[in-house]
Amino acid sequence: MRTPAALVALIATAAAYALGCAAAQATTVTVRVRTAAGAPAADAVVVFEPLDRHAPVAPAHPEAVIDQIHKLFVPHVKVIRTGTAVWFPNSDRIRHQVYSFSPAKTFSLKLYAGAPKKAVVFDKPGLVVLGCNIHDSMIAFVLVVDTPYFAKAPASGDAQLALPAGRYRMRLWDESLSAPVPPRTVVVGDSPLDLPVTLELSATPDPAAAWP
Amino acid sequence: MQLRTRIAVTLFLLVAAVLAAALTVVSIANRRNATREVNRRLDIGSLVFGQALEENRKQLAQAAQAVAADYAFKEAVAARDTDTLASALENAGARIGASLEVLTSLDGQVEAAAGTNLRPGTAFAVPGLLDPRAPGRAHSAIMVSGARVYQLVAARVRSPLPVAWVVMGFALDGNSLRNLAALTDLGITLSVRHGATWVRPVSTLPRSTRLRSGEYVTRDIPLLTRPEVSVVATLSRSLDAALAPFERLRRVLYAIALTSLLGSAVAAFWLAGDITRPLRRLTAAVARIRGGSYDAPVDVHRHDEIGLLAEGLQVMQSEVLSRDLAIRRLAYEDPLTGLMNRTAFVEALDRAVAAAGVPQIVAVVNLDRFRRINEHLGFATGDAVLLGIASRLRELTAPSTAVARLAADQFAVFRPLQVDETPLAWAGTLASRFAEPAIVDDQPIDVSATIGVAVAPVDAATAEALLRCAELSIEHARRRKQAVAAYSTQLAPAARDQLSLLGELRRAIALDELRLYFQPKWSLTTGRIVGAEVLLRWQHPQRGLLGPGAFLPFAEQTGFIRRITAWTLDRAAAQAAAWQSAGRSLPLAINVTADDIADARFHLQVAEALERHALMPHLLSLEVTESGFIDDPGRAIEMLSALAALGVKLSIDDFGTGYSSLSHLAHMPVDEVKIDRSFVLGLERDEQFAAVIRSAIEMGHRLGLAIVAEGIETDSAAEALAAMGCDVGQGYWLSAPRPLADFEHWLREREAADEANRAAAAGSGRMPRESRA
C-alpha cells in the first residue's frame with residue numbers, strides 16, 4: 001500500500017517540477033556575500049548542491065552565450081550546468097582565439113571573427129578559465145556545476161536563490177580567492193533563509209585552486 | 001770659488017730650478033688630468049655598464065616573454081611535457097645566446113630546465129625574481145650559483161592565468177665581461193661575497209692585479225646586496241695606462257729639459273768665461289802695475305763695462321807712471337837747485353865706490369852762518385845765494401864729478417881722486433870757489449864755507465860713512481878755525497863703530513855706568529862755594545873711565561844726548577835734593593844742549609824732576625850753550641821763559657865762542673853768563689882777551705846778569721877776574737871735577753878751612769888754592 005502512495009508523491013513532485021509550479025513549494029534563500037572588509041563581493045558565485053537524492057533534472061538552459069566585446073569576455077564570470085553548450089560570438093572587429101587549458105574543458109577556437117560555427121559543450125563540471133591567445137588580458141571564468149541551484153552575486157553582493165526544502169551543501173567561489181572556501185551544509189525549510197558569508201579575498205588569487 | 005764657477009753654477013742652478021718647477025707643474029697637471037680623465041671614463045663606463053645590463057635584461061625578457069607567449073609552449077606546459085619544454089626553452093635561449101633557461105611553477109618548483117643541472121621538482125629560489133606582485137619589468141635578478149653569477153629575467157606563462165615562470169639568464173662570465181670591458185674600455189671585476197668571504201670569480205684583469213693599490217681608479221657597482229650574499233662589479237682603469245700618453249710627453253719634456261740644461265751650462269760657462277777672462281787679464285795688469293811696471297799696455301779691448309774698466313786702468317797706469325817720475329825726481333833731486341839730493345848722492349857715491357877701483361874723494365861743504373843770511377836778508381836772498389853756490393859747484397866739470405845739496409846749507413861733491421893730488425889740496429881748490437862774494441841783486445854777499453874731505457876706500461867704504469868722515473873733518477876744521485880739513489883716523493875715536501857705541505851708551509844708562517863729577521864754583525868776591533857744575537864720566541867696563549869728549553859729541557850727533565840729559569837731570573836733582581834735605585843748599589848746574597831746548601816738553605821734564613825729588617827750583621841751574629839759540633832763537637826764548645817760570649837758574653854757557661846775538665841776550669830770561677874758558681886761558685897772554693872779558697862783564701852786569709868765568713887755572717887769572725868784577729869762578733885752580741864722595745869730602749874740609757880762615761882773616765876774596773890734580 002505504501003508503494004503507490006510513495007509513487008504518487010514522487011510523481012506529484014515530478015509533476016510539480018514539470019509544471020513549474022513548484023514555486024509555491026520553493027523557499028527563498030538569500031546569501032549575503034561580503035568581503036572581509038564588509039564590502040559586497042559582486043560576481044561571487046554561490047552553488048547549492050542538494051544532499052538529498054533527487055531525480056535528475058534536465059538542463060534548464062542547454063545553451064549559453066559568452067560574447068567578446070572590446071577585448072573583454074562578457075560576462076566575465078559565467079556559471080552553467082554541466083552539458084551546456086556555450087556560444088562564443090565575437091562582437092569585436094578584431095579577431096580572437098578563444099582557448100582553455102583547464103582540465104574540465106580544454107579547447108581552442110581558431111582565430112575568428114563574428115559568429116563561431118559551433119558552440120562549445122562543457123560536459124564536465126569544474127572551473128574552466130578562458131583566454132584569448134592573442135589578448136592576454138582577456139580572461140573569463142566558466143563554472144560548470146552539476147546542480148541547477150546556483151547564483152552569481154549582483155553588485156549588492158546579495159545572491160537570491162529559490163530552493164526546495166531539503167539539505168544542501170553550499171559552495172562559494174570568487175576569482176579573487178586563493179583557496180577553496182569550506183563547503184557548508186544548509187538545511188532549507190519552509191521559511192526563507194538569510195545566510196551572511198564572508199570571503200577572504202587574496203591579493204595573489206588562485207581562482208583555479210579555489211574550486212577544486 | 002772663482003767668479004767664473006760662481007756665475008756658471010748660479011745660472012745653471014737657476015735654469016735647473018726653473019726646469020724642475022716646470023716639470024713638477026706639468027707632472028702634477030698630467031696626473032690631475034689623467035685622474036680626471038680616468039674618472040670621466042669610469043663615469044661613462046658605469047653608464048655603459050648599466051645600459052649593457054639593461055640591454056641584457058631586455059633581451060632576456062623578450063626571449064622569455066616570447067617563449068612564454070608561445071601557444072604551443074603553453075600547450076606543452078599544460079601537458080607537462082617536460083622534455084619538450086626543456087628543448088623549447090633551450091631553443092629559445094639559443095636564439096639570444098642565453099646560458100640558462102628554466103621553467104618553474106608559480107611557487108618556484110623547477111619543471112623543466114636547460115643549460116643547468118637543476119632537476120625538475122627542485123626549488124628554484126631566487127629572491128625577488130619570481131614575485132607575482134612585482135610590476136612587469138621587475139622580474140629580473142642577479143643569482144649567485146656556486147662561483148657563477150647570472151643575470152636572470154623571468155616571464156610568466158599565462159594560459160590565460162599565470163601558471164608558470166619562464167626564467168632566462170646570461171652568465172656573467174669571462175666572455176660577457178670581456179665584451180663589456182671592450183664596450184667600456186675598462187677593466188671589469190666581479191666580486192662575490194658569501195657571508196663574510198669575498199671571492200673574485202671572474203675578472204678581465206690579470207689575476208695578480210691589486211685593484212686597491214692606487215695604480216687603479218675604480219668604481220663599484222653593486223649588482224646584488226643581500227645579507228648573505230653580495231655581488232659587486234668593479235670597473236677599473238689603470239692610472240698608469242691613462243698616464244702613458246702624458247708619460248711620453250713627459251719624456252719629451254725631460255729630454256728638452258736635459259738639453260736646455262746642458263745648453264745653459266755650456267752657455268753659462270762660456271758667458272762666465274767671457275766675463276772672467278778679461279778680468280783675469282786686468283788682474284794680471286794690476287799685479288804688474290803694483291809691481292812697479294808701468295810700460296806694458298793693458299791688453300783688453302772690449303766695448304762693454306770691462307772695456308771701460310780696462311781703459312780706466314790704462315789711464316790710471318799712465319798717470320801713476322807720470323806721478324812716479326815726479327816722485328822719483330822729488331826723491332832724488334833738490335827742488336831748489338836741481339842738484340842731487342842726499343839720497344841720490346849716497347846712491348851715486350855707493351855705486352861709484354863699488355864700481356871703480358879708483359879711489360873716490362868726497363867733500364862736504366858747510367856754509368858758515370848761512371842761517372843769518374836767511375834771517376837778515378830774507379829767504380829769497382838765501383835761495384839766490386844757494387843757487388849761486390850750486391852753479392859755482394856745477395862748474396866743477398872734471399869728469400865724473402857729482403854735486404849734491406845735502407841739507408839747507410850743506411853741499412857735497414865727489415869724484416875720482418887724481419893720481420897726483422892730495423885730498424886737502426882738492427879741498428883747497430873747492431874752498432877757493434868761495435873766496436868771491438856771491439852777488440845777489442847787485443849786492444855782494446860774503447859766503448864762507450867749511451869743507452871736510454874723505455877718501456874712499458881709505459877712510460870708509462860706504463857713502464854714509466864717507467859723509468860722516470867728511471863731516472867729522474868739518475868739525476875738526478871748525479875747531480881749528482880752519483876752512484878745510486881732511487879726514488884722518490885721529491878724528492875717529494867717536495867714529496869707531498858708532499852703532500856699537502850707541503848700544504853701549506844705552507847700556508851705560510841702563511846699568512848706571514855714567515858717573516856724576518862735581519866741580520865747585522866759588523864767589524870771587526866772598527870766596528864761598530856758591531854751587532857746582534855737574535860733569536859726566538863714563539865708567540866703561542872695558543875701556544875704563546872715559547871723559548865726556550869720548551861720548552858726548554857722539555851722543556849729540558845721534559840725538560842720544562836727550563837721554564843723557566834726562567838721566568843727568570834726574571841724578572843731579574836727586575843729589576841736590578839729598579843735600580837740601582841734609583841742610584846743604586848747594587845749587588847744581590847741568591849742561592843742556594840745543595836738542596833739549598828744541599824739545600817743546602823739556603820744561604815739563606824739568607818740572608817733573610823737581611817735583612819727583614822735592615827740590616827747590618833755585619837749587620837747579622841749567623847751562624845752555626850758545627848753539628842752543630842759533631837754530632831757532634824764538635823757540636829757544638820761549639823754552640827758556642818756561643824754564644825760568646819754574647824758578648830754575650839759567651845760564652849761557654861757553655859765552656863768546658858762538659854767535660849769540662847780543663840783542664837776543666838782552667831778551668833772554670837768563671841769570672848768568674859763563675865766559676868761555678878760551679878767553680880765560682888767554683887772559684894773561686893777550687890783552688885783547690882781557691878787553692873782551694871786561695866788556696862782557698860790564699855788559700852782563702848792565703843786563704843784570706851774573707858773570708861766571710870757567711877755566712881758571714892760575715892764581716893771577718883768579719885775581720885778574722876778581723879785579724874785573726867777575727862774580728863767580730870755576731876751574732882747576734880751585735878744584736878739578738870730583739866724584740861724589742871725594743867732592744863731599746873736599747867740601748867738608750873746605751868748609752872747615754873756611755871757618756878757620758874766617759876766624760883768622762875775614763873778608764879776603766882769595767882762597768887757599770889746591771894743587772892741580
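**A walk through the sheet of chain B**

In this predicted model, strand E15 (residues 449–456) of chain B runs parallel to E16(B), and 3 bridges join the two.

The open sheet has 5 strands in the order E11-E12-E10-E15-E16 (chain B), and its pairing is mixed. Strands of a sheet pair through backbone hydrogen bonds, which may be parallel or antiparallel in arrangement. Which strands stand at the edges? They are strand E11 (402–407) and strand E16 (484–486) of chain B; each has a single partner strand, so one side of each is left without a neighbour in the sheet. On average, neighbouring strands of this sheet are turned by 20° against each other, direction ignored.

Now for the helices. Helix H7 (residues 342–355) of chain B lies across strand E10 (360–367), E11, strand E12 (410–416) and E15 of chain B, and runs at about 140° to E11(B). Helix H11 (residues 463–479) of chain B also packs on the sheet, where it touches E10, E12, E15 and E16 of chain B. The direction of H11(B) makes about 140° with that of E15(B).

Finally, have a look at where the chains meet. The contact takes 10 residues from chain A and 9 residues from chain B. On the side of chain B that touches chain A, the largest share, 3 residues, comes from helix H2 (residues 71–79) of chain B. By type, the residues on that side of chain B divide into 5 nonpolar, 3 charged and 1 polar.

Note on methods
Residues are numbered from 1 along each chain as its sequence is written. Chains are lettered from A and ligands numbered from 1 in the order in which they are written. This is a predicted model: local features need pLDDT of at least 70, side-chain atom pairs count only at pLDDT 80 or more; totals for chains, interfaces and linings use all residues. Two residues are in contact if their C-beta atoms, placed from the backbone, lie within 7 Å. Helices (H or I, at least four residues) and strands (E, at least two) are DSSP runs, numbered from the N terminus. Ala, Val, Leu, Ile, Met, Phe, Trp, Tyr, Cys and Pro count as nonpolar, Asp, Glu, Lys and Arg as charged, and the others, Gly among them, as polar. Two strands pair if DSSP finds at least two bridges between them. Axes are lines fitted to C-alpha atoms, for helices over the stretch in contact, and angles run from 0 to 180 degrees between N-to-C directions.
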